[in-house]
There are 2 protein chains.
Amino acid sequence: MQQLDYRPNAIAQSLASNRTNSIGIMVSELDGPFFGLMMAAIEQELRKAGKHVIITTGHSDQTREKEGIDFLISRKCDAIIAHVEAVSDEYLIEINQGKTPVYLISRYVEAIADKCVSLDNKMGGYLATKNLIENNHRDIAYVSGPMFKADAVDRLTGHKRALAEFDIPFNEELFFVGDFKETGGQQALKHFLSTNRSFTAIVCSNDEMASGAMKYAREHSISIPQELSIIGYDNVIFANYLYPRLTTITNPVDKMGSMAARLVLQDCYQLPTLAVEHLFTPSLKVRDSVYPI
Amino acid sequence: MQQLDYRPNAIAQSLASNRTNSIGIMVSELDGPFFGLMMAAIEQELRKAGKHVIITTGHSDQTREKEGIDFLISRKCDAIIAHVEAVSDEYLIEINQGKTPVYLISRYVEAIADKCVSLDNKMGGYLATKNLIENNHRDIAYVSGPMFKADAVDRLTGHKRALAEFDIPFNEELFFVGDFKETGGQQALKHFLSTNRSFTAIVCSNDEMASGAMKYAREHSISIPQELSIIGYDNVIFANYLYPRLTTITNPVDKMGSMAARLVLQDCYQLPTLAVEHLFTPSLKVRDSVYPI
DNA sequence: TTGTATGCGTTATCAA
DNA sequence: TTGATAACGCATACAA
């Protein structure tokens, strides 16, 4: 009878089997180079398993993140893959008691470690600063992201470790908390310049802020990298478009995305997975924005 | 009894009411600055109406685009919003006979004009070239996108119209078909340089290719915009990050996204909509990559 | 208005 | 193994 093209009704299947074959995705933003890559990887992995992806945004806001997750749960997703920043660890643990498992990307919560896929941001922060130090920089400014974000805290920790390893004191004057956006980088450089504290390099804890700093530098005739070296973080697409091309730390967000998808496939649908990996390692991507002195 | 928090089962609702409250979205790519904005706009509009969004990718490939749409239909989406490039007009008309309406973004198909939201690309192409001409450029090279894409064809048409309006002949030597990616821009400039035909400006039919051309120019010590003016198209986020900042044509992809979403809300869910608009108008965004001569 | 059956298109269970 | 039947949790239509 298939000749009269019979198509099973996915909704009826779901009602009867209690399985929707849909996975909820929660990201902070739909635009931005970061999440695009991540979602592309997730979607690709899931789609070839016949699953589909329902997408929601949280905008790094606690309320909206919770609403989004509620929404996905109410939609009876079989699982959720979330990149959340504002919500607490406790909430994530609690929500995972429910019947919908919530996997986390770019975040590590001890109690649900098997549901986390994260990047070793301490190592990334360490690598960035170490690269500068190995290029003989000693007076290094640091632009952090908002301190409520674990990523920002970890990257800073790595930075301090590199400093300590080379006996370089951490200087509060050369520390600035930005917003992970372009403006943050601009404000940071402006601030550093105003302290009259000299510095030869600046590590920005993401590429957007690095771009902002570069822009501010150009507007004030500070040549990069001759007068000031800059290193970013994330290796976002446009890092390669900037001039000079930005040296940065790779953030394999696509690999983390596929990994999370595969975990879901394995745990929720009993599909075989090759290797599982929970902690990803960043690496240094050398381009043109760091000069030795 | 709501105190014992009763939650309606969305699946059962769907089965009984024949309405899933889900809208399928089909885009070419999940990454890339273009689609991010578009999806963000769609999601925002739909989400506040309590609808949700199922996302699929087509990768500008005819088979995959059809598969994706089939997939969304089989998932019983109430409607589909698609940005498709490879599939034929006939197919789109035919698929719209079915019970799932599919709306088109950035594409105009006469027979289903009420389901189309598009950009006046002819006007955009015209504006770009006209701006160059008004800056006294006469020898203008043109980098097109793949000619199977309607966008590319229309932009080129606009370019030719501007040329004609000022009695400038179209020169095949200064015409190159790229891939809408960075490499396309690099190849194009390389090609133009090899013809020994002189030119003072180059219009790239999207910003990626403009970036590629700028990169190639820099590598070959051609200073922009002093020696060569460049104009792009789309006003993608990174156009503002490039150096020099790229003059370009705005493509209000976010507005088109919300418009498509509102059409769906209106047609499929009988929700009131303010003004409906089907054709959007691009405009010139002047930045730093065009110099008068 | 409030209440009660019936159907939605499957899966799963149990009997044959 | 095959075949009938009861959930699945709601809308909807109809009756009270």
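The buried residues of H6(A) are covered by elements that include helix H5 (121-134), strand S6 (140-144), strand S7 (175-177) and strand S8 (201-204) of chain A; covering rests on contact, meaning heavy atoms within 4.5 Å. Helices (H or I, at least four residues) and strands (E, at least two) are DSSP runs numbered from the N terminus. This is a predicted model, in which local features need pLDDT of at least 70 and side-chain atom pairs count only at pLDDT 80 or more, while totals for chains, interfaces and linings use all residues. Residues are numbered from 1 along each chain as its sequence is written, chains are lettered from A and ligands numbered from 1 in the order in which they are written, and side-chain values use heavy atoms, with hydrogens and water left out.

**Helix H6 of chain A**

- H6(A) covers residues 150-165, 16 residues in total, and reaches 23 Å from its first C-alpha to its last. That is close to the 22 Å expected at 1.5 Å a residue, the expected span being 1.5 Å times one less than the number of residues.
- Its buried residues (under 20% relative accessible area, 1.4 Å probe, protein chains only) are A:Asp151, A:Ala152, A:Arg155, A:Leu156, A:Gly158, A:His159, A:Ala162 and A:Leu163.
- Seen down the axis of H6(A), these residues fall within an arc of 155°, so they line one face of the helix. The arc is taken from the directions from the helix axis to the C-beta atoms.
- Just after H6(A), A:Asp167 has a positive phi of about 55°.

**DNA strand C**

- The residues around DNA strand C (a heavy atom within 4 Å) are A:Tyr6, A:Arg7, A:Pro8, A:Asn9, A:Ala12, A:Gln13, A:Ala16, A:Ser17, B:Leu15 and B:Ala16.
- Sugar and phosphate make up 78% of the atoms of DNA strand C that come within 4 Å of the protein.
- By class, the surface has six nonpolar, three polar and one charged residue. Ala, Val, Leu, Ile, Met, Phe, Trp, Tyr, Cys and Pro count as nonpolar, Asp, Glu, Lys and Arg as charged, and the others, Gly among them, as polar.

**DNA strand D**

- DNA strand D is surrounded by A:Leu15, A:Ala16, B:Tyr6, B:Arg7, B:Pro8, B:Asn9, B:Ala12, B:Gln13 and B:Ala16.
- Phosphate oxygens of DNA strand D lie 3.2 Å from a polar side-chain atom of B:Tyr6 and 3.0 Å from an N or O atom in the side chain of B:Gln13.
- H1(B) gives the most to the surface near DNA strand D, with three residues.

**Two further residues of chain A**

- A:Ser28, in the loop between strand S1 (22-27) and H2 of chain A, is buried, with a relative accessible area of 2%.
- The side chains of A:Ser28 and A:Glu85 are joined by a polar contact of 3.0 Å; such a contact is a pair of N or O atoms within 3.5 Å, and within protein one must be able to donate a hydrogen and the other to accept it, while residues adjacent in sequence count only if both atoms are side-chain atoms.
- A:Ala40 is found in helix H2 (residues 33-47) of chain A and is partly exposed, at 21% relative accessible area, a class that runs between the buried limit of 20% and the exposed limit of 50%.
- Leaving aside neighbours within four places in sequence, A:Ala40 is in contact with B:Leu30 and B:Asp31.
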